[in-house]
Amino acid sequence: MPTDITRRTVLKSGAASGALLLAPVALSARQQRLPISDGDRRGRLGNWWARPVRPGDSGRALSRPETTVAGEEWLSAVVPGTVLTSLVAAGQAEDPYFGTNNDNIVDVHDEPDRYTYWYLTDFEHVSSSRAPSTRNWLRFRGINYAADVYLNGLKINETRLEGMFLRHEIDVTEGLRPGANRLVVRVEPPLPPGNPIPKTPRSPGYEPGMASVCQGEGGLLGRSVTAQFSGGWDFVHPVRDRNTGIWDEVVLIETGAVSFGNRIVDPKGGAISYVTSPRITTRITWEGDQAKEALVTASMLLRNSVDRAVTGRVTLRVGEVTGAIDFSLVGGGELELDVQVTIRDPDLWWPNGHGRQHLYDVDVDVVAEGRVSDCYRHKLGIREIHSAVDGATDGPDNAGENGRVFSVNRKRIFIRGGCWTFSDAMLRHSAQDYDDQIRHHAMMNLNLIRIWGGGITERPEFYEACDRYGLLVWQEFWITADCNHGDQNPEDHVLFMRSAIDAIALIRNFASLALWVGGNEGPPPGDLDARLAMAIAVNDPGRNYISYSTDPKAGLGLHGTAFSDGPYGIIEPKRFFTAAYTPHHRTSTGTPVAYNPEYGSVGMPVADSVRLFMAPRDYNQIPDITQKTWPSLNPSWIAHSYIPFFHDVEGTTPTQDQIDLYGKPTTLDAFCEQAQAAQYQQYKALLEGRNSHMWTGYTGGNIWRSAPGWPVLRGGLYDGYLEATGGYFGARLAGQPKHVQLNLADGTLQIVNNTSDDLTGLEISVAVCDASGRRRDDLGETIAVSSPVTANGVTTVGSLRALVESSDLHIVRLELREAGRPIARNLDWLVNSDSADRYSALRRLSAATLAVKVSASDTDGDTRTVHLNAENRGDIIAFFVRLQVVTSSGDRVLPVFASDNYLSLLPGEAQDVSLGLRTNNTRSTALWLSGWNVESRTVQLA
């Protein structure tokens, strides 16, 4: 029975619903004994079943273990998951991600009772202690939207559980039985759910998509404290059950008499939320730029659940350093206390590309009555984070239009961010799926993820992965200007604030959390903005809060407007280097928006992926799209948010078709192959253009969207199956900590130093091939860099203006060397021409001679890394060579974490490549090699 299903499992196959076998799952004493953290698995309840609620149903009756339910039509339920997740996994609903299937699934607006469900699990309770002070706590980390809970014939929640983001904890000590127990939960969807209405094209430049409930029906879904994207948006289907269900884990935890219960207070409204972990804070003492020591404090509220006095001790261990404090609690009493330790010469946590992500093991133990009564486990990153508006990017007449600068450990960080809407639209998340996706972000050399306000508070497992890989996180609350409907939404401000304060407590201990933001593209309505600011100041004072994602006062937008996001269409690559590359996204004096919260472009998956979510009759028409026939209203393209590779959405000079520049493709494979080259250029230029104006024009920005969340035909630097696109490797190249680039607008050569140290002893090697793919030694050169390249900046060191202005096609390889050792490479193909097929010579290259061999293979934890060497042994460039890992039957192995892909090797050039594979996904694997002018073949992996 699936209990931790990922979206790729569901997309590939659905488990058939079997007979209802209510075999209880035994939880051992070790499983139940103690909580590890909010992500604890030892007491996680599984083996769930579900069916619709029917007239006459009784939760009390269904929850009695002796009640026979085996003859009823229950289905094996996915928990964590939603009703629709379970229906799809059981084969009782079509895969909403394929084609236009989603249109065939009944929407909750049309049948409000359809997705009101019972969830049921039987389990064996085996206590770890016979002590009368033992307490048992049932913890729900996420229910959408309202629920009642029954245990062994008793209704155990005093008031109805409401709110998608509010955790719930119930003392079930008296209701548990030794041996067999049954838990039943009645779950209802958010109401009103709104009515999703399909969009229609408004103009030739409009990107087809599905309307959000908020944009399409007066913000009705926004009345609830829930994920607003579930009603649909211009980039995602409406989720027909609005993600109703037990969407996060359910844990049964056993403690002694004394347990954690932090009191988190809304300073204005007085709302109190009890949570189950201490607050961990650090304060660093600096000498210059060196961290000499860090004071680590664990702040907690202890609660005594019995009616007699209890004494004990709390210990805090950070790495090898331990501190302790004794306590005494009266019967039923509570006590706030701090435990501290000092770490000498601490190892610091750094963002991706700026240093190691050192994490200390933290243990907080409450010992009472001769046993560990409660405990908390965490991985702690010691660091100092600040963000503020930077006047250096402010033009003389642009008050309020300067950019936001993030600094970590007193070092400025130039932000290459990505926008994250959700890991999966049906909320099928798991620890490994989070790790896979965050690892992809790190491999792309991104260093920040923005959690969009139409989504969710991401789960602790997401933040654990961000801590491991060094991705800073900007977390928005569940507000979008689209759904505020004036000041009417959300309807229940008390519930919203309780949920927000609980979210603060859930994730505030993570090193990666860098910024709280009230909402997307507009401030939280009414009194919520001020209340959120005050709640964070009281409960998480070490982090900044800003009102909304495009707030110009916070260095995130244009002065005088609440909206400065975008653009979202494809642009000629050289325009990214002109500082103000679009007329609608620059300040009054022509300087760029210094920190753009979101800007996006194309994101076409590879053909192998497109075939998995679209029928042949639909995907075979994709190569027929032209600027003359667009918009083409294929319903499947609309459903999957296709955006063309032409037409500048800014309304200026239209961008030429970037696919047809290589010649008009006639098949899906050719179209997608050329799309990867166009995306490689697009995202590399987007980020390099920002590099070129580092700190003078830009302080950073976020790509919309770095994570697709489901199979789409736009946005996303990897696809819904976790295959990296050409854009992924263009972004990875542009974000190298030490990077050399060609300014496509003026031909200058630039060295980008994203490290904390000056670079010396540098030289740039320039190698050039002509349109035939042969080397032009007369155009190659080596440029010595005489002056140091300063830390955390960009320096211009030479010019290739003649090549940039040439009407002949050239392929330019740049190599940056440090003390003679290659440290970075780059590749551009250039021609100063407006010809509609100006790159078509690349499709006519003679065959290249490429040798690929496996040099080594090693395993570290759950990752097997295969090391390859590719060498061009001929006299023609090997262009855009794609490396895939496949099974013996030819199926793709995903994900693959590659140091590089879509390789282009000049004659005589060699390159080492590493491919990281999950060890549970590497049996009978081989390398499939293909390229624009390379013979496709298989290379066995040792």
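**Notebook: pockets, cavities and helix pairs**

I began with the lining of the second largest pocket. I find that α6, α14 (726–734), β37 (810–818), β38 (821–830), β43 (903–905) and β44 (910–918) each supply at least two residues to that lining. Helices (H or I, at least four residues) and strands (E, at least two) are DSSP runs, numbered from the N terminus.

The model is predicted: local features need pLDDT of at least 70, side-chain atom pairs count only at pLDDT 80 or more, and totals for chains, interfaces and linings use all residues. Residues are numbered from 1 along each chain as its sequence is written, and side-chain values use heavy atoms, with hydrogens and water left out.

**Entry 1: the second largest pocket**

I looked up its volume, which is about 710 Å³. The lining has 32 residues, and R732, L733, Q736, S899 and D900 are the closest to the pocket centre. On a 1 Å grid over the protein atoms alone, a pocket is an open set of points with protein on both sides within 12 Å along at least five of seven lines, a cavity is a set where a 1.4 Å probe fits but cannot get out, and lining residues have an atom within 4 Å of a point. Volume is the space filled by probe spheres set on the points, which are joined across faces, edges and corners.

Which strand gives the largest share of this lining? I note β38, with six residues. By class, I get 15 nonpolar, nine polar and eight charged residues in the lining. (Ala, Val, Leu, Ile, Met, Phe, Trp, Tyr, Cys and Pro are nonpolar; Asp, Glu, Lys and Arg are charged; the others, Gly among them, are polar.)

**Entry 2: the largest cavity**

I searched the whole structure and found eight cavities of 30 Å³ or more. The largest cavity holds about 150 Å³ of space. I list E723, L883, L894, V896 and N901 as the closest to its centre, out of 15 lining residues. β41 (878–887) and β42 (896–898) each supply at least two lining residues. β41 gives the most, three residues. The lining of the largest cavity has 11 nonpolar, two polar and two charged residues.

**Entry 3: α13 with α14**

I list the contact (heavy atoms within 4.5 Å). From α13 it includes Y680, Y683 and L687, and from α14 it includes F729, L733 and A734. The residues of this contact divide into seven nonpolar, six polar and two charged.

**Entry 4: α8 with α9**

Helix α8 (residues 493–507) packs on helix α9 (residues 528–539) at about 30°, axes 11 Å apart. I therefore write them down as roughly parallel. They cross right-handed. Among the contact residues I note F496, M497 and I501 of α8, and L528, L532 and I536 of α9. This contact has nine nonpolar, two polar and one charged residues.

**Entry 5: α6 with α7**

Last, I went to helix α6 (residues 431–443) and helix α7 (residues 460–469). Their angle is about 35°, and their axes lie 9 Å apart. The crossing is right-handed. The contact includes Y434, I438 and R439 of α6, and F462, C466 and Y469 of α7. I sort the contact into eight nonpolar, no polar and four charged residues.

Methods. Axes fitted to C-alpha atoms, helices over the stretch in contact; angles between N-to-C directions. Left-handed = near helix turned anticlockwise from the far one by under 90°. Parallel < 35°, antiparallel > 145°, perpendicular 65-115°, else oblique.
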